Amino acid sequence: MRAKVYFSRTITPEKVLELYKELGVDLKGNVAVKLHSGEVGNQNFLKPDFWKEIIDYVGGTVVECNTAYEGERNTTEKHLKTLDKHGWTQNFKVDLLDAEGPDMELAVPEGKVIKKNYVGKNLADYDACVVLSHFKGHPMGGYGGALKQLSIGFASSYGKAYIHGAGKPDEMWTADHDAFLESMADAAASVVDYFKGNIVYVNVMKNMSVDCDCCAVAEDPCIKDIGILVSTDPVAIDKACLDLVYATDDAGKDHLIERIESRNGVHTIDAAEALHIGSSEYELITVD
């Protein structure tokens with residue numbers, strides 16, 4: 001049976017919530033809302049007012065983790081200031097999952113490259129999750145979507161280096177590239193297993209630059225906005241986004257596609273599907 005991916009070309013906070021409700025999923029318990037807090041200086045990340053409708057509806061806590069590279073989010077002190085600067089703490093409950101160690105270690109028994117994943121220890125406080133992803137390009141992964149949020153997003157600062165280095169944190173910038181992509185899939189699988197399916201994914205195809213929201217200096221968007229997608233399948237939703245990029249008649253897609261293909265971005269989707277955390281076979285259900 002193909003995964004269901006709900007889609008609308010209308011990009012509003014209200015439409016995000018409408019599509020979420022179409023899933024008919026009732027997330028129980030304490031809900032973590034994983035999103036990107038935005039690097040200071042980045043102009044493309046989606047702001048608190050865009051996400052407020054759905055976050056308030058699920059009664060969730062915004063969760064983030066520190067980065068593994070220089071910037072304004074690589075220490076707890078700086079990241080908390082950034083969360084405040086960007087308006088997250090004024091609008092929502094916020095939890096920096098790896099604000100204090102030790103990290104939580106998740107097993108990845110079927111992992112192709114890594115057999116364990118290091119996430120912020122506060123993840124233990126949550127029963128369910130909404131993954132809010134700004135779909136766009138990425139300097140290393142080719143693209144950023146649901147699978148990147150599950151892997152790099154939930155990883156602690158050390159965990160991010162561990163994934164990038166394909167299990168060797170000191171090689172985070174020099175590891176074999178496909179091994180890094182496969183490590184992302186491995187890490188994503190551990191988070192999916194942790195929540196036991198109590199996850200909903202939202203990908204918003206807006207402000208799509210070839211660069212990630214983690215870039216303080218990012219290119220401006222190169223392609224017109226496409227829409228909102230919602231699913232319970234992280235592989236299907238990312239694959240649907242890629243397919244929509246290829247299908248658009250916007251001339252700017254060539255720049256984004258070059259970024260995706262030059263980094264072999266689809267390999268992360270293939271690796272995640274091989275781990276059986278989702279399917280690239282999906283039904284796109286359009287909601288006006």
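Modeller: Helices (H or I, at least four residues) and strands (E, at least two) are DSSP runs, numbered from the N terminus. Helix α3, for instance, is followed by G87, which has a positive phi, near 90°. Keep in mind that this is a predicted model: local features need pLDDT of at least 70, side-chain atom pairs count only at pLDDT 80 or more, and totals for chains, interfaces and linings use all residues. Residues are numbered from 1 along each chain as its sequence is written, and side-chain values use heavy atoms, leaving out hydrogens and water.

Biologist: Which residues of α3 are buried?

Modeller: Buried means under 20% relative accessible area, exposed over 50% (1.4 Å probe, protein chains only). In α3, residues 76-85, the buried ones are H79, T82 and L83. Look down the α3 axis: these buried residues fall within an arc of 100° (taken from the directions from the helix axis to the C-beta atoms), so they line one face of the helix. E77, K81 and K85, on the other side of α3, are exposed.

Biologist: Which way do the residues of strand β2 point?

Modeller: In a regular strand, side chains alternate between the two faces of the sheet. Along β2, residues 31-34, V31 and V33 point one way while A32 and K34 point the other way, and all are buried.

Biologist: Which strand does β2 pair with over four bridges?

Modeller: Strands pair if DSSP finds at least two bridges between them. With β7 (residues 128-134), β2 makes four bridges in the parallel sense, and V33 has V130 as its bridge partner there. β2 also runs parallel to β3 (residues 61-64), joined by three bridges; in β3, V62 is the bridge partner of V33.
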